[in-house]
Amino acid sequence: DTLIVWSEAENYDLALSFQEKAGCDEIWEKICQVQGKDPSVDITQDLVDESEEERFDDMSSPGLELPSCELSRLEEIAELVASSLPSPLRREKLALALENEGYIKKLLEIFHVCEDLENIEGLHHLYEIIKGIFLLNRTALFEVMFSEECIMDVIGCLEYDPSLSQSRKHREFLTKTAKFKEVIPISDPELKQKIHQTYRVQYIQDMVLPTPSVFEENMLSTLHSFIFFNKVEIVGMLQEDEKFLTDLFAQLTDEATDEEKRQELVNFLKEFCAFSQTLQPQNRDAFFKTLSNMGILPALEVILGMDDAQVRSAATDIFSYLVEYNPSMVREFVMQEAQQNDDDILLINLIIEHMICDTDPELGGAVLLMGLLRTLVDPENMLATANKTEKTEFLGFFYKHCMHVLTAPLLANTTEDKPSKGALRFKRKIIGLKDEFYNRYIMKSFLFEPVVKAFLNNGSRYNLMNSAIIEMFEFIRVEDIKSLTAHVIENYWKALEDVDYVQTFKGLKLRFEQQRERQDNPKLDSMRSILRNHRYRRDARTLEDEEEMWFNTDEDDMEDGEAVVPPSDKPKNDEDIMDPISKFMERKKLKESRQSPSFKLSFSSGTKSNLTSQSSASNLPGSPGSPGSPGSPGSPGSVSKSTSQMAAITTK
């Protein structure tokens with residue numbers, strides 16, 4: 001009464017499902033009205049694929065007469081079923097005949113006789129008959145076959161596949177091996193019976209029936225639908241059982257619950273959530289709202305804090321269902337709990353810790369958790385209402401309570417004199433974002449100084465470090481990142497100008513000069529603010545006013561007590577240009593004695609700076625005496641002869 005089924009092309013069946021009979025009847029009437037058919041009949045299919053002989057037979061005999069259900073006629077019955085499957089009309093007539101005469105129960109009685117007599121030939125015929133009845137794709141027949149009194153006998157018939165030398169033991173598995181566990185006692189007998197039925201039918205579909213051929217695949221669509229609607233009913237009945245859910249969550253969070261019991265409870269909840277994926281959107285909303293009201297998020301917080309890895313893994317899967325369904329609900333919870341709990345036990349921080357500490361070599365769990373975390377902090381799926389902006393509130397909360405947990409591995413990487421892993425690769429990723437927020441911070445903190453230092457310290461060695469640093473500056477040049485180009489040239493040109501075995505730095509200088517020309521040209525003055533404030537964004541999202549103010553406000557004091565001045569706001573002489581490196585070296589002076597090789601940058605107004613190193617000037621990057629350095633053949637970029645005359649070289 002709630003399904004409209006139709007076929008498109010050959011052997012391709014579709015179904016339209018309705019929650020109420022009234023809605024199904026209304027749509028059915030409209031369909032029949034358009035097709036010019038009588039809505040009072042159940043079947044309006046036009047039969048265009050019947051042969052003339054079949055049509056004549058069908059006109060002359062309105063029904064299909066089945067042979068009497070006897071052991072001696074099983075072969076005849078099997079042939080009749082097989083011959084009816086290719087024709088939609090004959091399938092329909094066969095299904096009606098089987099329904100009207102109670103034929104299936106009679107066949108199952110013969111099955112018991114055949115088993116008692118060990119009549120293998122008869123059992124093989126019954127296998128073919130029952131398999132054929134499945135392919136009739138008829139709900140009314142399934143309801144008989146999957147009833148409590150018939151389903152095990154139906155499975156028994158399907159144990160005797162003629163293509164196998166030995167029969168299968170499906171009934172033995174279902175009755176002795178597979179055990180039904182009630183993690184929480186179910187008082188409703190109808191619900192319990194529905195769960196048993198669904199498990200067995202799912203077993204028939206997955207394990208008992210042979211893999212359907214291409215032609216048979218769509219002839220089992222009603223079987224899929226039967227399982228689907230059973231799951232919908234089970235979720236609905238459990239959802240309405242308030243005592244059941246209350247007991248479930250109480251035992252989940254009770255410290256007295258033993259580990260094995262808790263694992264069963266978590267696995268049940270995981271399967272419960274998986275069933276919910278079959279619900280229609282409005283029903284799924286009600287389902288997750290019920291779980292939220294019952295306290296699923298606080299329960300997950302408790303479970304994720306436990307030592308049992310299997311329990312935590314199942315809890316992570318449950319958490320993923322919640323995040324995918326409604327990330328805003330999760331955000332609201334974690335912001336509320338922050339008012340009562342320490343940062344260490346916040347749900348989102350537990351997720352971050354499990355992501356960081358994943359012991360799986362393949363990082364399967366970490367990748368899943370990373371995706372969930374990315375969904376939670378993605379501003380694109382955050383809500384904005386008249387009273388509040390989720391983006392402002394949650395991101396503010398995240399930076400205050402969670403960012404220190406997320407960045408802990410990065411900070412731990414810098415506790416020694418030098419990073420233990422690839423800091424340069426990390427910075428290259430940040431520059432690759434082409435985001436002016438990050439660029440401002442890089443310039444404000446002079447974070448190119450250690451890169452330039454590493455480049456010069458690397459000397460004449462042509463290695464991965466050399467290539468990686470050059471590639472970083474080349475990316476800035478090719479992508480024309482104006483702010484970083486100006487910053488590099490204004491602060492580090494004197495240290496890099498003599499590197500000419502690649503054209504990267506000279507190309508950067510050219511970009512910088514072209515940019516200055518455009519800024520100094522009065523005709524382009526109106527474009528100046530656009531160039532200065534242009535944002536390289538990954539998408540078209542609009543920034544909040546408060547974010548704009550925060551990022552545009554310079555901090556009053558730097559680490560050395562100097563205010564930050566945008567590089568293009570005033571002309572600089574040589575001393576101004578080299579001042580940041582000089583100050584950087586002063587700040588690092590005490591650490592220099594522990595680093596090898598060490599260097600200084602010596603410079604004076606009007607002279608070129610040069611590297612002070614344990615190596616001679618002739619072994620600078622790109623010098624003629626640096627074997628294997630990248631550049632043109634023969635002379636891979638030589639250092640200016642005047643350099644050694646104008647620079648002081650000292651050795652520690």
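C114 is buried, with a relative accessible area of 0%, where buried means under 20% relative accessible area, exposed means over 50%, and partly exposed lies in between (1.4 Å probe, protein chains only). This is a predicted model, in which local features need pLDDT of at least 70 and side-chain atom pairs count only at pLDDT 80 or more, while totals for chains, interfaces and linings use all residues. Residues are numbered from 1 along each chain as its sequence is written, and side-chain values use heavy atoms, with hydrogens and water left out.

**Cysteines**
- The sulfur of C114 is 8.7 Å from the closest cysteine sulfur, which belongs to C157, and this is too far for a bond, since a disulfide is a pair of cysteine sulfur atoms within 2.5 Å.
- A search of the whole structure finds 0 disulfides.
- C402 is buried, and its relative accessible area is 0%.

**The protein as a whole**
- The secondary structure comes to 33 helices and 4 strands, which are DSSP runs numbered from the N terminus (helices are H or I with at least four residues, strands are E with at least two).
- Of the 652 residues in the protein, 41% are buried.
- Among contacts with a separation of 6 or more, 65% are accounted for by residues 24 or more positions apart, where contact means heavy atoms within 4.5 Å.

**Helix 10 and helix 11**
- Two packed helices are described by the angle between their axes and the distance between the axes.
- Helix 10 (residues 189-208) and helix 11 (residues 221-240) pack at an angle of about 150°, with their axes 10 Å apart; axes are lines fitted to C-alpha atoms, for helices over the stretch in contact, and angles run from 0 to 180 degrees between N-to-C directions.
- Helix 10 and helix 11 are therefore roughly antiparallel to each other, because angles over 145 degrees count as roughly antiparallel, under 35 as roughly parallel, 65 to 115 as roughly perpendicular and the rest as oblique.
- The contact involves residues of both helices, including L191, I195 and V201 of helix 10 and F226, I227 and M237 of helix 11.

**M465**
- M465 lies in helix 26 (residues 464-478) and is partly exposed, with a relative accessible area of 36%.
- When residues up to four places away in sequence are not counted, M465 touches L424 and N458.
- M465 and F455 are 10 residues apart in sequence, and their C-alpha atoms are 7.5 Å apart in space.
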